[in-house]
Amino acid sequence: MRDKKTLFIVTSVVIVFLIAVGSVVFYYQNKELAEEVILPAIGEDEADPAVWGKYYPRHYDSYQKNLIVDTVEEYSKYGKYGGAFEKESHLDRYPYMKNLFAGYGFSVEYNEDRGHLYSVEDVRNITPVRQKAGAVCNTCKSAQIPSLIDKYGEDYYLMGFEEINDQLTHPIACLDCHDPKTMELRISRPALLEALKSIGKDPDKATRQEMRSLVCAQCHVEYYMQPETKKLTFPWAKGLKPDEMLEYYDNLNFSDWLHPDSGTSLLKAQHPDYELFVNSTHYAAGVSCADCHMPYVKEGNVKITSHWWTSPLKHMEQSCLVCHRESAEELRDRVFYTQDRTYEMKNLAGTTIEKAIQEIAKSAQTAGVNEEILDQARTLHRQAQWYWDWMAAENSMGFHNPQESLYILGKAVDCAHKAIEKAQEARTAER
Ligand code: HEC
Ligand code: HEC
Ligand code: HEC
Ligand code: HEC
């Protein structure tokens with residue numbers, strides 16, 4: 001009897017103890033969840049990331065890492081063609097770009113990109129020649145832009161660079177991608193909403209995984225300004241491939257500038273990272289930008305989505321090895337294999353276009369040249385440079401879509417050679 005009583009008390013104590021331990025463990029395991037569920041009172045136009053940071057300190061800490069700028073040496077330990085460096089110029093790395101962009105701001109200054117927290121600073125310090133494009137340059141640089149577009153309406157696009165830039169106090173921040181009330185991902189840039197509608201996609205029906213790429217597609221895309229209204233627009237109506245965009249621009253008779261030596265009406269491509277990624281092996285497998293660029297990381301004792309937008313080669317364990325069985329080193333070699341091939345083809349295309357410009361310029365100065373054939377050479381130059389620039393302006397050196405990258409650069413080389421042939425023919429042809 002006594003023994004039974006003791007057993008009962010001991011068992012009860014053990015059970016109570018286990019429940020207590022279990023509760024503590026359960027509490028800590030779900031702490032992450034509990035924290036995310038509290039919906040704080042962040043104003044609907046709150047562009048200051050520090051205000052959001054009060055409620056999401058770990059995300060804010062992770063976001064602050066975007067201030068880290070590697071030296072070339074640090075970066076070379078893990079990567080080859082990307083990285084954030086102080087004032088790294090494309091024009092030093094690729095001297096032929098000066099000739100390709102002659103007559104346009106990009107021949108004066110064209111730097112490698114840096115982290116999101118530098119966006120306002122970097123655009124403010126760019127050469128005034130490039131700021132001539134006006135207010136529009138600021139559109140993908142600050143979380144304050146959507147409210148400024150609301151404030152000025154369509155006039156926003158017609159305003160001067162400084163009229164908008166002087167008002168900016170915060171770079172790319174939380175409000176760009178999150179709804180402050182629900183913390184859900186959302187699209188804050190009107191141009192993307194309109195572009196999605198132009199291809200028959202309802203932005204409200206985008207899946208969570210699609211949103212994990214679409215938030216990036218607000219800015220990492222090709223765009224242009226409509227001639228009269230200067231309205232920022234994505235040329236997607238015929239499709240997202242470079243051939244389809246070229247057709248779109250040709251139909252509008254659109255060009256960004258006239259090349260002073262060749263007399264060609266040219267297009268400038270702007271970072272089509274999203275468009276190149278669509279149709280890639282990874283995209284087809286359902287992978288999103290965030291999977292590689294915003295992996296889950298441990299901050300303290302909690303797992304969060306990393307908000308350090310940088311080269312995934314810096315943290316391949318979190319970015320790649322969640323899906324891949326190869327070692328980080330093997331996978332890194334695969335990335336370099338693609339990038340080395342792309343790099344070589346990109347330079348081959350660039351230098352062939354440089355020759356095409358020289359040949360067209362020579363023909364243009366030749367007395368009695370066949371103007372009709374010379375114009376055909378210019379059209380081919382326009383095409384060649386468009387294809388080349390697509391790959392020069394995307395940021396992964398071909399990794400985001402290796403097959404499409406080599407197709408695009410193949411087109412560039414082909415068009416450039418045909419331009420050279422036509423330019424020569426224009427000098428010898430019957431008139
Ligand atoms: C499968 C993984 C993966 C996906 C998905 C992915 N990227 Fe990348 N991204 C990379 C790798 C690898 C690099 C090359 C980094 C390097 O060379 O240091 C890169 C490079 C970049 C860079 C240049 C980084 C730098 O250091 O200059 C940008 C910008 C970028 N990606 C944006 C995007 C966007 C936007 C998307 C979605 C449309 C996307 N990426 C999808 C893996 C990925
Ligand atoms: C460029 C877009 C972008 C910006 C800017 C951004 N986020 Fe996020 N954020 C994301 C994405 C993508 C996810 C993953 C959402 C998902 O998987 O549904 C995320 C997830 C989150 C989550 C959910 C919990 C988690 O870890 O997945 C929180 C909280 C969060 N972000 C806070 C912030 C804060 C605070 C800022 C500003 C300091 C910020 N975010 C800026 C894109 C962004
Ligand atoms: C509001 C516009 C905007 C959004 C949204 C945005 N980016 Fe960017 N991103 C930029 C700009 C602008 C830069 C270049 C900043 C500079 O050089 O000062 C950049 C640079 C980068 C870089 C290069 C950083 C480096 O170290 O060189 C990466 C990587 C990147 N973005 C990835 C992403 C991913 C992934 C997403 C979506 C989750 C995203 N970005 C969403 C505008 C944006
Ligand atoms: C969410 C899952 C996922 C992530 C994250 C991911 N991959 Fe992949 N990757 C795949 C799938 C699925 C395929 C296609 C099937 C295959 O070849 O294994 C693939 C294919 C590849 C290929 C061969 C095809 C090609 O495009 O060349 C390479 C190389 C590759 N991944 C590298 C990387 C690197 C580097 C990273 C990190 C920066 C990464 N992957 C991140 C799922 C992923």
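A polar contact is a pair of N or O atoms within 3.5 Å; within protein, one must be able to donate a hydrogen and the other to accept it, and residues adjacent in sequence count only if both atoms are side-chain atoms. This is a predicted model, in which local features need pLDDT of at least 70 and side-chain atom pairs count only at pLDDT 80 or more, while totals for chains, interfaces and linings use all residues. Residues are numbered from 1 along each chain as its sequence is written, chains are lettered from A and ligands numbered from 1 in the order in which they are written, and side-chain values use heavy atoms, with hydrogens and water left out.

**View 1. Polar contacts of ligand 2.** Let's start with H59, where an N or O atom of the side chain sits 2.7 Å from an oxygen atom of ligand 2. R208 places a polar side-chain atom 2.7 Å from an oxygen atom of ligand 2, and for T305 the distance from a side-chain N or O atom to a ligand 2 oxygen is 2.5 Å.

**View 2. The shell around ligand 2.** Here 17 residues surround the ligand, the closest being C174, C177, H178, T305 and H307 (a residue is near a molecule if one of its heavy atoms lies within 4 Å of it). At least two shell residues come from each of α4 (57-64), α13 and β6 (302-305); helices (H or I, at least four residues) and strands (E, at least two) are DSSP runs, numbered from the N terminus.

View 3. H293 belongs to helix α17 (residues 289-293) and H400 to the loop between α20 (371-393) and α21 (402-428), 107 residues apart. H400 is buried because its relative accessible area is 19%, whereas H293, at 25%, counts as partly exposed (buried means under 20%, exposed over 50%, partly exposed in between; 1.4 Å probe, protein chains only).

**View 4. The iron site of ligand 3.** H116 and H220 coordinate this iron atom through NE2 at 2.0 Å. H116 lies in the loop between α7 (97-100) and α8 (119-124), and H220 in the loop between α13 and β1 (224-225), 104 residues apart. With 18% relative accessibility H116 counts as buried, while H220 is partly exposed at 31%.

**View 5. Helix α13 and its neighbours.** In α13 (residues 208-217), the buried residues are M211, R212, S213, L214, V215 and A217. These buried residues pack against α12 (190-198), α15 (273-277), α17 and β5 (296-299), where contact means heavy atoms within 4.5 Å.

How values were computed:
Donors are N, O and S atoms within 2.8 Å of the metal (3.2 Å for Na, K and Ca); water is not among the atoms, so sites may look incomplete.
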